[in-house]
Amino acid sequence: MAALDWSKCPAVESIPGKVGGAWVFKGTRTPVSLVFENLEAGVTLREIVEMFPVSKDEISAVLEFAARSLAAPDAAA
């Protein structure tokens, strides 16, 4: 499976020198990967919003982007 092209997701950014260039939610130092790791561990969206400086809308945008990207080869373009 190919890696997602996060540059096409408007809710995230990658800045060299900021969190090692990892994809983070815009304006934060919160890596996108934390959402997936926490969901996998059974943490709810509400709990993630309470734990990190991200909104439910931002998390939804990331999840929708990932779902569209994985559904079809060029669906997120």
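User: What is the mean pLDDT of the chain?
Analyst: The mean is 90, and 90% of the residues reach 70 or more. The pLDDT is the predictor's confidence in each residue, from 0 to 100. This is a predicted model, in which local features need pLDDT of at least 70 and side-chain atom pairs count only at pLDDT 80 or more, while totals for chains, interfaces and linings use all residues. Residues are numbered from 1 along each chain as its sequence is written, and side-chain values use heavy atoms, with hydrogens and water left out.

User: Which elements of the chain have the lowest and the highest mean pLDDT?
Analyst: Helix 3 (residues 56–71) has the lowest, at 92, and strand 2 (residues 24–25) the highest, at 97. Helices (H or I, at least four residues) and strands (E, at least two) are DSSP runs, numbered from the N terminus.

User: OK, and which residues touch the most others in the largest nonpolar core?
Analyst: Those are W6, C9, V12, F25 and V62, in a core of 14 residues. Helix 3 supplies the largest share of this core, 4 residues. A nonpolar core here is a set of buried Ala, Val, Leu, Ile, Met, Phe, Trp, Tyr and Cys residues joined through side-chain atoms within 4.5 Å. Buried means under 20% relative accessible area, exposed over 50%, and partly exposed in between (1.4 Å probe, protein chains only).

User: What is C9 in contact with?
Analyst: Leaving aside neighbours within four places in sequence, C9 is in contact with A61, V62 and F65. Contact means heavy atoms within 4.5 Å.

User: And A61, where is that?
Analyst: A61 lies in helix 3. Not counting residues up to four places away, A61 touches C9 and A11. A61 counts as partly exposed because its relative accessibility is 27%.

User: What about L4, what does that touch?
Analyst: Beyond its neighbours within four places, L4 is in contact with F65, A66, S69 and L70. L4 sits in the segment before strand 1 (12–13). The C-alpha atoms of L4 and S69 are 6.8 Å apart, though 65 residues separate them along the chain.

User: Switching to helices: at what angle do helix 1 and helix 3 pack?
Analyst: About 85 degrees, with the axes of helix 1 (residues 33–40) and helix 3 10 Å apart. So helix 1 is roughly perpendicular to helix 3. V35, F36 and L39 of helix 1 make the contact with I59, V62, L63 and A66 of helix 3. Axes are lines fitted to C-alpha atoms, for helices over the stretch in contact, and angles run from 0 to 180 degrees between N-to-C directions. Under 35 degrees counts as roughly parallel, over 145 as roughly antiparallel, 65 to 115 as roughly perpendicular and the rest as oblique.

User: Is N38 buried or exposed?
Analyst: N38 is buried, because its relative accessible area is 14%. N38 is found in helix 1, and leaving aside neighbours within four places, N38 is in contact with V43, I48, M51 and F52.

User: How many salt bridges does the structure hold?
Analyst: The structure holds 1, where the side chains of K18 and E13 meet at 3.1 Å, N to O. Both K18 and E13 are buried. A salt bridge is a side-chain nitrogen of Lys or Arg within 4 Å of a carboxyl oxygen of Asp or Glu.
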